[in-house]
There are 2 protein chains.
Amino acid sequence: MTTTSHNTNRSGLMILAAIVFIPILATVLYAADTDAELMSRAKTIFGTLPASMPSPDNPITPEKVKLGATLFWEPRISVDRTVSCVKCHPLGLYASDCLRKAIGNNCKENPRKAPTIFNAASQISEHWIGNRSSVEDQAKQALIGPPSYGMPDYASVEKVLKGMKGYVAMFTAAFPGEKDPVTADNFAKAVGAFERTLITPSAFDDFLQGKTAALTGPQKRGLKTFLDTGCMSCHSGPFLGGQMYQKFGVFEPYEKYTKSVKVDEGRFAVTKVPGDKFVFKVPVLRNVAMAPPYFHDGSVDKLTDAVTIMAKIQLGKNLNAEQAEDIAAFLSSLTGRIPQAVLTVPVLPSEN
Amino acid sequence: MTTTSHNTNRSGLMILAAIVFIPILATVLYAADTDAELMSRAKTIFGTLPASMPSPDNPITPEKVKLGATLFWEPRISVDRTVSCVKCHPLGLYASDCLRKAIGNNCKENPRKAPTIFNAASQISEHWIGNRSSVEDQAKQALIGPPSYGMPDYASVEKVLKGMKGYVAMFTAAFPGEKDPVTADNFAKAVGAFERTLITPSAFDDFLQGKTAALTGPQKRGLKTFLDTGCMSCHSGPFLGGQMYQKFGVFEPYEKYTKSVKVDEGRFAVTKVPGDKFVFKVPVLRNVAMAPPYFHDGSVDKLTDAVTIMAKIQLGKNLNAEQAEDIAAFLSSLTGRIPQAVLTVPVLPSEN
């Protein structure tokens with residue numbers, strides 16, 4: 001009796017164990033399978049983050065990067081001595097600012113929100129409407145941009161820089177063999193070389209490289225929703241954007257949802273082609289969670305609202321609150337690691 | 001003959017050696033003597049730089065310093081989201097700015113030049129006219145100062161900070177046991193604690209500690225001229241200033257030399273005592289070479305000009321160009337070493 005009872009108990013326990021553990025095991029296996037599938041799908045779509053964003057026109061050298069990283073903080077080359085790159089691209093706010101539209105010299109408003117310069121050199125062009133061909137072009141034109149540095153001409157910038165021995169030495173080191181290295185063109189090359197190093201790998205890249213635990217449950221659900229909804233058809237490539245121009249408001253006018261005060265005709269201002277009305281460059285989504293307010297005019301404060309509006313007017317899809325939150329969670333996995341050297345304030349050369 | 005000739009030659013050489021080397025030796029010994037004397041004299045006058053600038057009202061803790069170092073960079077608590085401590089106190093420019101008068105929210109001009117916050121907590125009071133009792137008082141009042149952060153009240157600042165989880169966690173850690181730690185008072189304590197650590201030892205301190213080679217020849221001559229002229233009667237203590245109020249323009253009105261556009265009545269605005277007309281706090285001279293333009297209104301660009309004017313109108317002495325240059329060289333030995341942690345940009349909490 002004892003033996004039988006014992007056996008019966010053992011069988012019962014095994015059945016109980018099977019009832020309890022097999023579904024758990026199945027869930028775990030299924031999740032692992034789903035994770036692997038999601039990872040593989042994402043990797044196919046987004047590829048792998050490169051180590052830098054080189055340009056054949058402006059090779060990256062340590063001396064140029066050092067000079068560029070210093071000039072990035074330099075306000076004395078602006079017309080009112082208040083504007084430096086870092087004014088509109090504060091590094092602690094992921095190199096964007098927290099304003100609807102960037103503010104330049106003498107409180108002049110720029111036409112659009114300051115885009116982050118992290119990962120920016122990966123794009124087909126710079127600025128929301130692609131009116132700057134490269135990070136170097138952007139940097140150079142900013143010096144004489146009326147709502148930016150506002151200098152009257154490049155010679156005025158060069159004169160200020162030449163007046164500081166510290167800069168003359170740094171330009172000479174960064175552009176060896178040049179007779180007159182302190183030029184606006186070399187300012188642009190130095191700042192550009194610095195920006196070409198500004199890549200911010202994140203938890204999402206860890207996930208793509210096989211660490212399934214790098215993303216949380218909501219982030220994985222959000223990634224799946226991001227792919228299933230079709231967001232990645234524009235936000236493509238390893239930087240999730242920056243590779244094409246698209247009309248903002250395919251299904252409905254954007255201002256209906258963004259409540260934008262003024263309607264911006266976008267790239268039409270550059271090309272004058274009627275089909276470019278309301279067309280903007282698709283922005284890079286890396287670090288997007290850290291850089292509100294959203295869109296070219298900073299008209300939307302919350303990331304979930306921005307996600308919902310994008311699905312609605314670009315893809316004609318209504319996301320529910322949970323889906324929008326999941327996508328926002330996924331987007332937060334794109335918040336990257338900023339290299340310590342980038343977060344170091346350079347001591348600027350003396351004027352005395 | 002040979003021997004005699006040899007001896008004669010030897011004697012001649014010894015005489016020659018004595019003629020050549022004794023004066024050199026004397027100069028070296030005299031210089032060493034002079035250096036030691038100068039060092040001893042300077043040490044008696046200036047004392048030793050302390051390791052921190054504590055306050056019994058606001059003990060320095062690592063958590064408070066960390067929070068303060070972060071809040072120092074935070075623009076989202078200003079009325080137009082452009083003003084943070086670092087706006088007027090950029091660390092790469094030795095925590096002053098390069099403007100004649102500081103510019104706050106919406107391009108509003110402050111009444112005077114932004115003083116550096118390095119070593120500032122050592123002073124008898126803050127601001128040029130001593131209308132802030134401490135660095136904490138300065139930080140708190142800046143939040144609602146109309147030309148500064150411009151917030152309508154402290155509650156508005158607290159509301160913004162409470163909206164960011166990252167800050168709630170940091171305030172809770174910095175002010176343990178407090179029920180409602182996210183307050184403007186605690187903002188002031190955190191920023192104050194950070195500022196109380198901002199001491200910048202320099203080559204001059206190395207010299208005072210016995211390293212005579214830490215100062216160059218012109219710097220030593222400048223130090224001697226600084227002492228002989230009487231500059232140290234006001235620029236006293238280990239920070240070379242910040243310990244008293246003095247009339248600016250004892251011998252002649254300052255505006256005659258500074259060409260100031262507007263005459264500032266200084267501390268009279270605080271005390272309404274007639275004797276306080278044109279009285280200002282004697283500024284700390286540490287890092288002065290790195291922080292032009294000079295004086296309360298930034299009216300003078302060059303350090304040598306500022307030195308010449310000070311000798312003329314404060315002490316009634318005419319320095320020649322070499323003396324002014326030597327004093328400027330000495331002042332450049334007060335350009336300090338900024339701790340690496342202070343030169344690190346904090347990543348700011350997310351609004352999402």
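Colleague: Where does B:Gly92 lie in chain B?

Modeller: In this predicted model, B:Gly92 lies in the loop that runs between helix H3 (85-88) and helix H4 (135-144) of chain B.

Colleague: Buried or exposed, that B:Gly92?

Modeller: B:Gly92 counts as buried, because its relative accessibility is 6% and the cut-off for buried is under 20%.

Colleague: And which residues does B:Gly92 touch, leaving out those up to four places away in sequence?

Modeller: With those set aside, B:Gly92 touches A:Val345, A:Pro346, A:Val347 and A:Leu348.

Colleague: How far is B:Gly92 from B:Lys108?

Modeller: The two residues are 16 apart along the chain, and their C-alpha atoms are separated by 23 Å.

Colleague: Switching to helix H13 of chain B, what span should its 12 residues have?

Modeller: H13(B) covers residues 321-332 and, at 1.5 Å a residue, should span 16 Å, which agrees with the 16 Å between its end C-alpha atoms.

Colleague: What is at the start of H13(B)?

Modeller: There, a side-chain oxygen of B:Asn320 comes to within 3.1 Å of the backbone nitrogen of B:Glu322.

Colleague: Which residues in H13(B) are buried, and what do they pack against?

Modeller: The buried residues are B:Ala324, B:Asp326, B:Ile327, B:Ala328, B:Ala329, B:Phe330 and B:Leu331, and the buried residues of H13(B) pack against helix H8 (203-208), helix H9 (217-229) and helix H12 (303-315) of chain B.

Colleague: Over to chain A, then: where is A:Gln219 found, and is it buried or exposed?

Modeller: A:Gln219 is found in helix H9 (residues 217-229) of chain A, and A:Gln219 is buried, with a relative accessible area of 11%.

Colleague: What polar contact does the side chain of A:Gln219 make with A:Ser332?

Modeller: The side chains of A:Gln219 and A:Ser332 are joined by a polar contact of 3.2 Å, while a polar atom of the A:Gln219 side chain also lies 2.9 Å from the backbone nitrogen of A:Thr216. Not counting residues up to four places away in sequence, A:Gln219 touches A:Ala214, A:Ala329, A:Phe330, A:Ser332 and A:Ser333.

Colleague: Last one: at what angle do H2 and H7 of chain A cross?

Modeller: The axes of H2(A) (residues 62-71) and H7(A) (residues 184-195) cross at roughly 100 degrees and come within 7 Å, and the two helices are therefore roughly perpendicular to each other. Among the residues making the contact are A:Val65, A:Leu67 and A:Leu71 of H2(A), together with A:Phe187, A:Val191 and A:Phe194 of H7(A).

Colleague: How many nonpolar, polar and charged residues does that contact have?

Modeller: By class, the contact of H2(A) with H7(A) has nine nonpolar residues, one polar and two charged.

How values were computed. Residues are numbered from 1 along each chain as its sequence is written. Chains are lettered from A and ligands numbered from 1 in the order in which they are written. This is a predicted model: local features need pLDDT of at least 70, side-chain atom pairs count only at pLDDT 80 or more; totals for chains, interfaces and linings use all residues. Side-chain values use heavy atoms; hydrogens and water are left out. Helices (H or I, at least four residues) and strands (E, at least two) are DSSP runs, numbered from the N terminus. The expected span of a helix is 1.5 Å times one less than its number of residues. Buried means under 20% relative accessible area, exposed over 50%, partly exposed in between (1.4 Å probe, protein chains only). Contact means heavy atoms within 4.5 Å. A polar contact is a pair of N or O atoms within 3.5 Å; within protein, one must be able to donate a hydrogen and the other to accept it, and residues adjacent in sequence count only if both atoms are side-chain atoms. Axes are lines fitted to C-alpha atoms, for helices over the stretch in contact, and angles run from 0 to 180 degrees between N-to-C directions. Angles under 35 degrees count as roughly parallel, over 145 as roughly antiparallel, 65 to 115 as roughly perpendicular and the rest as oblique. Ala, Val, Leu, Ile, Met, Phe, Trp, Tyr, Cys and Pro count as nonpolar, Asp, Glu, Lys and Arg as charged, and the others, Gly among them, as polar.
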